[in-house]
Amino acid sequence: MHSCMSVVSRGLLALACLASLSGESGAQTGRIVVDTVRSASLANRIGRPAETRVSVYLPPSYDRAPSARYPVVYLLHGFDANDVGWIRPGPLVGVAGIMDGLIASGKAKDMIVVMPNGSTPLGGSFYVNSAASGNWEDFIARDLIAWTDKRFRTIPRAESRGIAGHSMGGFGTLYLGMRHGGETYGALYAMSPCCTVPASFDSTRDSPVWDALGTATSIDGWQRKPFPLRATAAISQAFAPDTTRAPLYFSPLEVRRNGRWEQNPEVARQFDEHTPVLMIPRYRANLAAMRGVQLDIGEQDNMVDPRDAMRVDTALTKAGVPHVFQLFQGDHVNRIGARLENAVFPFFSRVLVFESRTQTPPHYRYRVLGAFDEATGQPIEDVEVSDILSGASSLTSVTGTVSLFFLPDSGSLVRLRKVGYEMQTLAVAITPADTAPVTVVLRKAVVLPTMTVMDSTPSYRSGRLRGAEERVKARAGGYFIDEAQMRKWDSSTLANALIARAPGLMPTPGAHGETYFVSSRKMCKQAFQCSTRPDCYISVYIDGVLSAVRPDFSRMSTIDYAIAEFYPSAPSEPVEYPGPCGSLLLWSRES
């Protein structure tokens, strides 16, 4: 038997649902707090108040441990829904019950879950900035976080902050995660995300919708309109607002001219700017800076084509963004609660940081790198400086400098890229003994004749890469993946390509799903206890630089590399790249 007590205190409505104790069970329960948050960001043209309801789950320990601080997951609902759908107990959702059960069983850690109401008169805001329906991106990614961090005992850092959502909320998760990943959010989980690919037009299906939208004289009563009308109008308000076009305030994507439907190219551009599969290349660095990226969809989804989510998966892989994509048995709504319980909340428990940092990071974590032109000595702006092993990256400022705070303790291999300059790779240490600024001099690239592989882009070839190409042609003493073969694997991880194309490389798993490589016993006599002997791990050189850290090849994408060479034993490998149990040489694409 459950009893619910409603308490009104200082304008705050607190709903505390306490499970009664049985003879054997004394499980602690969390509580739901409901409040209204006002924000100028939510000012709009469609008659919605500039405020919204927010439901917040506080874990069982929140009231018992008054000094404890907690990570926060922001959970976004779908179209035609609101925050109440998350907290209403039932077989589909019931966030409080799910979290209480996970925490009691040890499958999830105590965390705060914030659930804003993102609905509008037409059904949904899509969580983007719009002159018509309100600046929801600013509200969710800035105002709501500020309110939450002030109102509750949070850990107010990106690495302790996640964002998740279903359907329209899954779209919002991808959109906001891409635009604010690393700086505001540390992880994202998109459930059955909608609206991830460019809009298509079917005249039989869509003509009646656009005809009806063109004859609207008032927004009143639109809550009762058919779903296709409201959904099209709402997403148009979000993506292509036009404050001069009352009463719905958007520019139509499709217009009828001389009896024929034509797409408005300017509106199509606005839609494309909000389309996740097209945004991924632009926001790769933000995504790669996150601690975890995951998405899923049901194989029987009857609202979103599962192939759309697969296209997002492919785009993330091609961009080199570490992520997990899962297909599950279910439709668009019948597994929401199960996914929260079995996937979403356990995911955030694994990837978010739960310890509140009380000390300032040590000074050596602020090491700086500067990039300068070899000929002029001038600083170079917008050089991409990336951690090869994790994918995290940043750009140099107008002074040519960048903080290396995104590198892990001990350091990593760093790659510098800018169009018109030769790429450089170097090892950078991050230790108390290594604090001096790192100075890198970049040389203007020599544009060689176009080398056609699968396209006709100009290719920059350094001497080292040309040497690798010569060894590939000779095919002496090793196993090789040339550029044409590598590009065939652009939708996969480097681990899969190496397993398929380099016999003698034996994958071995890490404790957290990593993929490392050792030489097989047949190829190297020293490798007979490969899982326990570190000297049996192959030596990995990236752009000629020996990696002091074992790379996790499941987090590396083939899109970054032109050539791979594997030499299973010392007699066969190039003398400048020795390895006691084989050498793997990876050469980055330079254009």
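Author: Ala, Val, Leu, Ile, Met, Phe, Trp, Tyr, Cys and Pro count as nonpolar, Asp, Glu, Lys and Arg as charged, and the others, Gly among them, as polar. This is a predicted model, in which local features need pLDDT of at least 70, side-chain atom pairs count only at pLDDT 80 or more, and totals for chains, interfaces and linings use all residues. Residues are numbered from 1 along each chain as its sequence is written, and side-chain values use heavy atoms, without hydrogens and water.

Reader: What is the volume of the second largest pocket?
Author: The second largest pocket has a volume of about 1,600 Å³. A pocket is an open set of points on a 1 Å grid over the protein atoms alone, where a 1.4 Å probe fits, with protein on both sides within 12 Å along at least five of seven lines; lining residues have an atom within 4 Å of a point. Grid points are joined across faces, edges and corners, and the volume is the space filled by probe spheres set on the points.

Reader: Which residues are the closest to its centre?
Author: Of the 50 lining residues, these are C194, C195, F227, A231 and M303.

Reader: And by class, what lines the second largest pocket?
Author: The lining has 27 nonpolar, 15 polar and eight charged residues.

Reader: Which element gives the most to that lining?
Author: Helix α6 does, with seven residues. Helices (H or I, at least four residues) and strands (E, at least two) are DSSP runs, numbered from the N terminus.

Reader: Changing topic, what is the order of the open sheet of five strands?
Author: The order is β22-β27-β28-β25-β26, with mixed pairing. Two strands pair if DSSP finds at least two bridges between them.

Reader: Why is one side of β22 and of β26 left without a neighbour?
Author: Both stand at the edges of the sheet, each with a single partner strand, so one side of each has no neighbour there.
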